[in-house]
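Welcome! Please keep the sequence and the 3D view open side by side, and try each exercise before you read its solution.

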Amino acid sequence: MIRTAADWQSRHAYSDIRYEFAEGIAKITIARPQKRNAFRPETVKELIDAFHRAHHDNEIGAIILAGEGPDAFCSGGDQTVRGAEGYIDEGGTPHLNVLDLQMQIRRLPKPVVAMVAGYAIGGGHVLHLVCDLSIAADNARFGQTGPRVGSFDAGLGAGLLARTIGMKKAKEIWLLCRQYDAQQALAMGLVNTVVPLARLEEETVQWCREMLQLSPMALRMIKAGFNADTDGLAGIQELAGNATGLFYQTAEGQEGRNAWLERRPPDFAKYRKRP
Ligand SMILES: CC(C)(COP(=O)(O)OP(=O)(O)OC[C@H]1O[C@@H](n2cnc3c(N)ncnc32)[C@H](O)[C@@H]1OP(=O)(O)O)[C@@H](O)C(=O)NCCC(=O)NCCSC(=O)CCC(=O)c1ccccc1C(=O)O
């Protein structure tokens, strides 16, 4: 029998989001349902902090990003705090800090799963797009609204979308600003599966449980590999950093450090035989 992850424990208190933990899984929830989970700068700052915690917590092997309630995953930037130069925080400073969050999710060396109920629209659509997997409820609706509300995401919002579903369909989504239902999203490869709303969390947690049975290092390397070319040199840096981390764990890597500490020349001769 499949258990649901009903035993979420709060790990940290925030104002705009919830950060919970169960069974090696972090669940990060945008909790502004009265605004269809639109994000303001403070929301994004909290999300960045929560993802940082999940990244550095050894107990956590998979992360779920969700929106509070059945109506929306996220409706993008909060248009009521959008000023002339960006989204205005409580101190009066304009931000587009969701771009930092997008890259943080891509660089995070653990799988991030978007759990999408209701609308994933605008910047909220890009947030599910940058997650590694997307599990959609049957009431999910997807789309970009930028050209309608005087905005555009010509970075990952355009390029990663094209790489995910193909150039023609990505251009259609941005150039017409239509909405697509869950089955259409599945057909175009925008989401991994569609389940009834009542089963959304159970299914998402089950996918996380399956990944938790697999090698964390293999998942880390393959995620970095998938993202490397799209993210350019920064993507290669992520992949290369993981390779360096593995090399540190070898006798050959440790011989270099040991020789330096022991003030002797390193002896790498025995490591040359590898084809
Ligand atoms: C999401 C909807 C389709 C939902 O429709 P519906 O279910 O009928 O609910 P509503 O009655 O419309 O909404 C309920 C309630 O929520 C408020 N609300 C909804 N969305 C937002 C929002 N984004 N900001 C603020 N408030 C919102 C709505 O006003 C209602 O409140 P009431 O008090 O009851 O009136 C529909 O709501 C909808 O279409 N929403 C807008 C979607 C949208 O256009 N989002 C912005 C897209 S642009 C963006 O996200 C930019 C992201 C970004 O940061 C960025 C990234 C990279 C480059 C550039 C940018 C950039 O900002 O420019």
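The exercises below move from the strands and helices to the ligand and then to single residues.

This is a predicted model, in which local features need pLDDT of at least 70, side-chain atom pairs count only at pLDDT 80 or more, and totals for chains, interfaces and linings use all residues. Residues are numbered from 1 along each chain as its sequence is written.

**Exercise 1. Work out how strand β8 is enclosed, and find its partner strands.**

Step 1. Start with the terms. Helices (H or I, at least four residues) and strands (E, at least two) are DSSP runs, numbered from the N terminus. A residue is buried if 20 or more other C-beta atoms lie within 10 Å of its own, exposed if 12 or fewer, and partly exposed in between, with C-beta atoms placed from the backbone.

Step 2. Go to residues 112-116, which form β8. Five of the five are buried, so the strand is largely enclosed by the rest of the structure.

Step 3. Now look at the two faces. In a regular strand the side chains alternate between the two faces of the sheet. On one side of β8 are Val112, Ala114 and Val116, on the other Val113 and Met115, and both faces are covered.

Step 4. Look for partners; two strands pair if DSSP finds at least two bridges between them. β4 (residues 62-67) runs parallel to β8 and is joined to it by four bridges, with Ile64 facing Val113 as its bridge partner. β10 (residues 133-137) is also parallel to β8, again over four bridges, and here Val116 stands opposite Ala136.

**Exercise 2. Which residues have the most contacts inside the largest nonpolar core?**

Step 1. A nonpolar core is a set of buried Ala, Val, Leu, Ile, Met, Phe, Trp, Tyr and Cys residues joined through C-beta atoms within 7 Å.

Step 2. The largest such core has 59 residues, and Ile28, Leu65 and Val116 have the most contacts inside it.

Step 3. Take Ile28 and list its contacts (C-beta atoms, placed from the backbone, within 7 Å). Leaving out residues up to four places away in sequence, its partners include Ile17, Tyr19, Leu47, Phe51 and Leu65.

**Exercise 3. Explain why the buried residues of helix α5 line one face.**

Step 1. Find α5 at residues 156-165, where Leu156, Gly157, Leu160 and Leu161 are buried.

Step 2. Look down the axis of α5: these buried residues fall within an arc of 105°, so they line one face of the helix. The arc is that of the directions from the helix axis to the C-beta atoms.

Step 3. Recall the helix rule: an α-helix has 3.6 residues a turn, so residues three or four places apart point the same way.

Step 4. Check the cover over these residues, which includes α2, α3 (123-130) and α6 (167-176). Just after α5, Gly166 has a positive phi of about 100°.

**Exercise 4. Describe the residues around the ligand.**

Step 1. A residue is near a molecule if its C-beta atom, placed from the backbone, lies within 6 Å of it. There are 23 residues around the ligand, and Ala38, Gly76, Gly122, Gly123 and Ser151 come nearest.

Step 2. Sort the shell by type: eight are nonpolar, ten polar and five charged. Here Ala, Val, Leu, Ile, Met, Phe, Trp, Tyr, Cys and Pro count as nonpolar, Asp, Glu, Lys and Arg as charged, and the others, Gly among them, as polar.

Step 3. Trace where they come from: α2 (98-107), β9 (119-121) and α4 (146-149) each supply at least two.

**Exercise 5. Is Lys223 buried or exposed?**

Step 1. Locate Lys223 in helix α9 (residues 216-228).

Step 2. Lys223 has 21 C-beta neighbours inside 10 Å, so it counts as buried.

Step 3. Beyond four places in sequence, Lys223 is in contact with Pro109, Pro111 and Asp132. Pro109 is 114 residues away from Lys223 in sequence, while their C-alpha atoms are 7.1 Å apart.

**Exercise 6. Where do Glu23 and Cys177 lie?**

Step 1. Most residues other than glycine have a negative phi, and most peptide bonds are trans.

Step 2. Glu23 has a positive phi, near 55°, and lies in the loop between β2 (17-22) and β3 (25-30).

Step 3. Cys177 has a positive phi of about 55° and sits in the loop between α6 and β12.

How values were computed:
Two residues are in contact if their C-beta atoms, placed from the backbone, lie within 7 Å.
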